[in-house]
Amino acid sequence: MKKHFKVSIDRKLCKGCSLCAGFCPKGNLKFVDGELAFDGECTGCMLCVRYCPDMGITVEEVKP
Amino acid sequence: MTGRLILQGNDAVALGAVKAGLDFFAGYPITPASEILHALVEYPGQVKVLQMEDEIASINACVGAALAGAKAMTATSGPGFSLMQEGIGLGHMVEAPLVIVDVQRVGPSTGMPTFGAQGDLLQCRWGSHGDYFPIVLYPNSVSEIYTQTIHAFNAAEESMSPVVLLTDGCLGHLFETAELVDVPLKTRTARPLGGGSRHFTSLTHAGDHPKATVPSAHQELIAALAAKTAGVAARYAFYEYLPVKGADTLLVAFGAASRAAYHFKGECAIFRPIRIFPMLEELAEIARGYRRVVVIEMNAGQYKLLVEALIHRPVGFIPLLGGAVRVSQIEEGLKKCLQEST
Amino acid sequence: MPARKYLRPERLPTYWCPGCGDGLVVKELAGAFGDLGMDASNTVLVSGIGCAARAPGYFLLESVHGLHGRAVPIAEGIKTARPELNVVIFSGDGDLLGIGCNHLVHASRRDTDLTVVLIDNQIYGMTGGQKSPTTALGVKTLTSPDGNTDRPVDCQALVKAHGSFYARATTFHLPLLGKALRAALTHRGFAVVDVRSQCPVNFGKRLGFKNAYEMLMHFKKAYRPVAGEVDRLGPGEIGITR
């Protein structure tokens, strides 16, 4: 069964370095008006979490 | 160990330190202080000794060991003491109790390694950058070196700060009969490293938090350091005062120079500060009773400057330079001082 | 994540610039602590001065943030006085291989049981981008406007000369970094993990990298992981030495 994930960005911690955006294989993390935003379907690869130097992203599995 | 022994000053430092409960020593060989390192390697299982690559490493290792709960000490002479200055400031900033022994030799620079001097006084007080308030003790006999070493450890424990024990090349290598009188020991109340989440930082801080851009935090930190050391120093107000009937001259001398000054105790009063810093207020009080105050020291006028500032009047000065401590030199100097002030 | 218990989330955001590699190394070290089930009450962090030296402040452990270049002797004092403590050092290339290089060499000789995490970004970042002891030849920095002519320090050669543990990783190769940290933490004796890291703000921009991601992609291309344990890592190789 396909898993679903919720991506949360902590605005207090995000410095806008764009490492997560670079590593997201789906290109789901983008800057909109200078602010990081998530849009799309997350595969749960956790690369954004691992490469965020500021502990500003959390990805949780959600039950559909 | 107690009783009477024939010892050299440097060995008395080692014996006093062991008596005080020394756990850790880090040092680098240097004339005329090396015998302290030599003596301490003879206590395996009791004193952990690290021979470091330099004096910078030595003082920093002592700060680490002190925070880890050890009674720590290093010993050096002028060139090494100069290298240690930044680490001494660190010790004050993170409140690390430790003892630094400076067996002074003739400087500046390499100077005269085997000859004693008293040229590190101002460096003791202001050698590291910024504001700090060190306790500095300076005995003048092998017996007193033993006792004052123990006092230095006690003052370090009570003030949670680096305490300097000054001696000089003359005293360090002086063999004489020593009476080893013990002093009750102070124990640490601060918890050693581990088991918590404290952050000891060399930055200006408030508790665990760096406050490197907050002027009020720095003002509070410095005021707290000053108050703490002043309170502890008051319990270590050691000095020797030898008044003499009818004398109008007070000689101020310490360490090796004071041994030569004793020659004049029949005609002049003598004040010998043992607690060199903070300066003794008692000197200001005692000096009032004398027409003339003359400082005798083995440098070009360091303590003299501070005595003048303390007693608010000019003082006479007899420098003993180049390692020579001669009664004849003091005699001549005194004659000159008498002429100048009559 | 289990590593969280070693960290202080209340101290976030970190002091570092956007995209700095220091945060990545902090997370990997906390992860390695978690993987090894290390006792937080028995672990002490020590650092000198510089960007990397601010790392201990983000750990929920006892820590000492000392003087520039002097983390190693402070740590040696702690470890000698209390051998039961795990002592881990955070240092940068300027701190460890510049002002403090003497101590690195001698602690390695003494084989003091310490783990050194060297965050090597090849620049003095905190002070504005001056050339560092590891800046490559020919590279332009604030203080080498015509290209650096000083040969970089070979950290591996210095510590392997005395048989100490040495591993190299980058902030792109995070699984390898984690493995190297675990190996260093369990090594008895002096251990150095040399982490090639990025300073996007005070170095990367001058080099022509648009952001931290481009710098990590450069690490991906420029460094080749070596499997198993080798005697020596060649230039451009990352991995663990014997």
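1. On the domain 1 side, H5(B) gives the largest share, 5 residues. By class, that side has 20 nonpolar, 6 polar and 5 charged residues (Ala, Val, Leu, Ile, Met, Phe, Trp, Tyr, Cys and Pro count as nonpolar, Asp, Glu, Lys and Arg as charged, the others, Gly among them, as polar).

2. A word on what you're looking at: this is a predicted model, where local features need pLDDT of at least 70, side-chain atom pairs count only at pLDDT 80 or more, and totals for chains, interfaces and linings use all residues. Residues are numbered from 1 along each chain as its sequence is written, chains are lettered from A and ligands numbered from 1 in the order in which they are written, and side-chain values use heavy atoms, with hydrogens and water left out.

3. The two domains of chain B span 3-236 and 240-340, with bounds from an automatic or database domain assignment. Together they bury about 2,000 Å², 59% of it on carbon and sulfur atoms (buried area is the accessible area, 1.4 Å probe, that two parts lose on being put together, summed over both). In domain 1, Gln118(B), Leu121(B) and Asn140(B) lose the most area to domain 2, together 31% of what that side buries.

4. Now for chains A and C. They bury about 1,700 Å² between them, 65% of it on carbon and sulfur atoms. Lys15(A), Arg50(A) and Met55(A) supply 40% of the area that chain A buries against chain C, more than any other three residues. Arg50(A) also forms a salt bridge with Glu28(C), the closest N and O atoms being 2.9 Å apart (the rule: a side-chain nitrogen of Lys or Arg within 4 Å of a carboxyl oxygen of Asp or Glu). That interface has 1 salt bridge by the rule.

5. Last, have a look at Asn10(B), which counts as buried because its relative accessibility is 0% (buried means under 20% relative accessible area, 1.4 Å probe, protein chains only). A polar atom of its side chain lies 2.8 Å from the backbone oxygen of Pro32(B).

Technical notes:
Buried < 20%, exposed > 50% of the residue type's maximum accessible area, 1.4 Å probe, protein only. Polar contact = N/O pair within 3.5 Å; in protein donor to acceptor, adjacent residues only side chain to side chain. Helix = DSSP H or I, 4+ residues; strand = E, 2+ residues; numbered from the N terminus.
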